[in-house]
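Open your viewer and keep the sequence beside it. We will go from stop to stop, selecting charged residues as we go.

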Amino acid sequence: MKIDVTEKTPQKILTPTSGFLEGYTHSLNPYIGCAFGCSYCYVRQSPVGLFRKQEWGTWVDVKKGVAEKLKKELLLLRKKEKQVVIFMSSSTDPYQPVEHKEQVTRTLLEVMAEIQPDFLFVQTRSPMVTRDIDLLAKLGEKVMVSITVETDLEDVRKRFSPAAPPIPARLKALRELREAGIPVQAAVAPALPFSDRFPEKLTGLVDRICVDDFTGDGSGGKRTNRLKIGERFDGLEKEEWYEGDVQRRVWDKLNEVFSPEKLILSPEGFMPPKKSMEP
């Protein structure tokens, strides 16, 4: 699919947070729009997704001139002795395909490696994140990389997010990050039908696993219902993976292999460590 790529020059790059991201001081989105275009993405039902005339997943706005803006904003916050706890990204994937060329995310990480936030949470589903291990390593315990791995079945992945990176590549990325000493989690969020071997496949790859279902769409599942995601499930899948307390059932399945301290339920799994919010 051809992606319509345009350039934008934002006035600011850091956005004060609220709602679901109340544990953070700011969100940081290198792009507007997302070429992965996952069918269940809650951003489809948010203002940025609804007010654009183009279909979600067919367009991306590249933010230009962001390095100097981020540096200036971070220095100002430090001057005011403000906490800086960043979620990257809340409404786009920082490592979508256009990042190969534009490298906006890498540019932002270069700034944050120099002027470090109190904590940076990187949320992606792309193995491209391993490209920046050199910069992530400079942040030490001040960073966590969360890679979405909602299933281990490629046929399921293709049904729900055909433009997203293959699952084996994401699992490989988790291993590389952990071997490099980068704090990492797998986000089984939202949980999609997976095989009985899925928990074993995650063994040794992550520091923890965050579990969520479609109620974690910021509206208790209402956004997902409007997207008619239930129609994408085959046969008996919907009853087991879409209806009822899916989050708890998935947690129980993972708990057969992982100890409880390695498992964390959303939204807590997307929150920063409490120590990063301490003055």
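**Stop 1: a charged network**

Select E99, R106, E110, R131, D132 and D134: salt bridges link them in a network. A salt bridge here is a side-chain nitrogen of Lys or Arg within 4 Å of a carboxyl oxygen of Asp or Glu. Side chains of opposite charge can pair when their charged atoms come close.

Before moving on, note what you are looking at. This is a predicted model, in which local features need pLDDT of at least 70, side-chain atom pairs count only at pLDDT 80 or more, and totals for chains, interfaces and linings use all residues. Residues are numbered from 1 along each chain as its sequence is written, and side-chain values use heavy atoms, with hydrogens and water left out.

Now zoom in on E99 and R131. Their closest N and O atoms are 2.7 Å apart, in a salt bridge. E99 sits in helix α3 (residues 99–102) and R131 in the loop between β7 (119–124) and α5 (133–138), so the pair ties together parts 32 residues apart in sequence. Helices (H or I, at least four residues) and strands (E, at least two) are DSSP runs, numbered from the N terminus.

Is E99 buried or exposed? E99 counts as buried, at 0% relative accessibility. R131 is partly exposed, at 29%. Buried means under 20% relative accessible area, exposed over 50%, and partly exposed in between (1.4 Å probe, protein chains only).

**Stop 2: E55 and R44**

Next, select E55 and R44. Their side chains meet in a salt bridge of 3.0 Å, N to O. E55 is in the loop between α1 (47–50) and β5 (59–63), while R44 is in the loop between β4 (31–32) and α1; they are 11 residues apart. R44 is buried, with a relative accessible area of 15%.

**Stop 3: two helices**

Select E240 and K253. Another salt bridge joins these side chains, at 2.6 Å from N to O. Which helices hold them? E240 lies in α10 (residues 237–241) and K253 in α11 (residues 246–255), so the pair ties together parts 13 residues apart in sequence. Both are partly exposed: E240 at 36%, K253 at 27%.

How many salt bridges does the structure hold? The total is 18.

**Stop 4: a negative patch**

Finally, select D196, D245, D252 and E256. These residues form a negative surface patch. In such a patch, each residue has over 30% relative accessible area and no salt bridge, and like charges are joined within 9 Å. Look at D196 in the loop between β9 (184–188) and α8 (198–202). D196 is exposed, with a relative accessible area of 76%.

Conventions: Patches are made of residues with over 30% relative accessible area and no salt bridge: like charges are joined within 9 Å, nonpolar side chains (Val, Leu, Ile, Met, Phe, Trp, Tyr) within 5 Å. Accessible areas come from the Shrake-Rupley method with a 1.4 Å probe; for residues, only the protein chains shown count as cover. Lys and Arg count as positive and Asp and Glu as negative; His and the chain ends are not counted. The place of a charge is taken as NZ of Lys, CZ of Arg, CG of Asp or CD of Glu.
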